[in-house]
Amino acid sequence: MTDAAGAGPFADQVAEDTVLESSVVFRGAVWDIVRERFRFGDEELTREFMAHTGAVAVLVLDDADRILFIRQYRHPVGRRDWELPAGLLDAPGEDPLDAAKRELAEEVDLVADRWDVLLDQYTSPGGSSENVRVYLARAVSSTPEAFARTGEEAELEQRWVALPEALDAVLAGSVQNPFVISGIMALHLAKERGWSTL
């Protein structure tokens, strides 16, 4: 292990690895599993990971400092968890803001006049290429028509929660969705710093 102290700003760095071979080892309904062989220093390594188009999440904040959450069934964890409106990019290279606007309308029948990037995060960088951009949406209003929802989205519940209550839920472990946790914490810090981080 090397000590990078004093080696510049504290920030992630784009890697300079060389991919020698890449193949899809499992093609799924939504995501594929990819196996890649790559050069890392003097070695050749092989890793398998979930190839992901990316996603967006939307933290909606109203004038009373309440956040809009949706509760949705998630089969892999066997829970109905509180989440932010969110969804996949329809294709690699799709504008994340366009995707965020679409998901806000489809999941909670809202449009927003004010959009800011709250944060970007990799969900599980050791096993997935998924990157999620979390937006802060303000000055919201209802869409002209309600969106028809199917599957797990047919039973979505909505709840507005005051920021202090949401922070308490994060610290108590009552909510465990990663975008809820990081979004609430980023919102709290952004507000504390006078929105200068947006």
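Two residues are taken to be in contact when heavy atoms lie within 4.5 Å. The structure is a predicted model, in which local features need pLDDT of at least 70, side-chain atom pairs count only at pLDDT 80 or more, and totals for chains, interfaces and linings use all residues. Residues are numbered from 1 along each chain as its sequence is written, and side-chain values use heavy atoms, with hydrogens and water left out.

The chain comprises three helices and 10 strands, where helices (H or I, at least four residues) and strands (E, at least two) are DSSP runs numbered from the N terminus. Their order from the N terminus is β-β-β-β-β-β-β-α-β-β-β-α-α. Along the principal axes, the C-alpha atoms fill a box of roughly 55 × 45 × 30 Å. Among the contacts in the chain with a separation of 6 or more, 56% are made by residues 24 or more positions apart. Of the 198 residues, 35% count as buried; this term denotes under 20% relative accessible area, exposed denotes over 50%, and partly exposed lies in between (1.4 Å probe, protein chains only).

The chain carries 19 positive and 36 negative side chains, and the centres of the two sets are 2 Å apart. In this count Lys and Arg are positive and Asp and Glu negative, while His and the chain ends are not counted; each charge is placed at NZ of Lys, CZ of Arg, CG of Asp or CD of Glu.

Helix α1 (residues 96-108) has 13 residues, which should span 18 Å at 1.5 Å a residue, and its end C-alpha atoms are 18 Å apart, in agreement. The expected span is 1.5 Å times one less than the number of residues. At the N-terminal end, α1 is capped by D95, a side-chain oxygen of which lies 3.1 Å from the backbone nitrogen of L97. D109 follows α1 and has a positive phi, near 55°. The buried residues of this helix are A99, A100, R102, E103, L104, E107 and V108. Their cover includes β4, β5, β7 (86-88), β8, β9 and β10 (157-162).

Helix α3 (residues 178-192) contains 15 residues and reaches 21 Å from its first C-alpha to its last, close to the 21 Å expected at 1.5 Å a residue. N177 caps the N-terminal end of α3, with a side-chain oxygen 3.0 Å from the backbone nitrogen of F179. After α3 comes G194, whose phi is positive, near 65°. Buried positions in α3 are F179, V180, S182, G183, I184, A186, L187 and A190. These residues pack against β4 (55-61), β5 (66-74), β6 (79-83), β8 (110-122), β9 (131-142) and α2 (163-172).

Within strand β5 lies I67, which is buried at 0% relative accessibility. Beyond its neighbours within four places in sequence, I67 is in contact with L59, V60, L61, L84, R159, W160, V161, L163, A166, I184 and L187. I67 and A166 are 99 residues apart in sequence, yet their C-alpha atoms are 8.0 Å apart in space. R71 also lies in strand β5, but is partly exposed, at 28% relative accessibility. The contacts of R71, leaving aside neighbours within four places in sequence, are R80, D81, W82, E155, L156 and E157. R71 and R159 are separated by 88 residues in sequence and by 8.1 Å in space, C-alpha to C-alpha.

E83 belongs to strand β6 and is buried, with a relative accessible area of 6%. Its side chain makes a polar contact with the side chain of R74 (2.7 Å). A polar contact is a pair of N or O atoms within 3.5 Å; within protein, one must be able to donate a hydrogen and the other to accept it, and residues adjacent in sequence count only if both atoms are side-chain atoms. Not counting residues up to four places away in sequence, E83 touches F69, I70, Q72, R74, N177 and V180.

S128 is located in the loop between β8 and β9 and is buried, with a relative accessible area of 9%. A polar atom of the S128 side chain lies 3.0 Å from the backbone nitrogen of E130. With residues up to four places away in sequence excluded, S128 touches F49, M50, H52 and T123.
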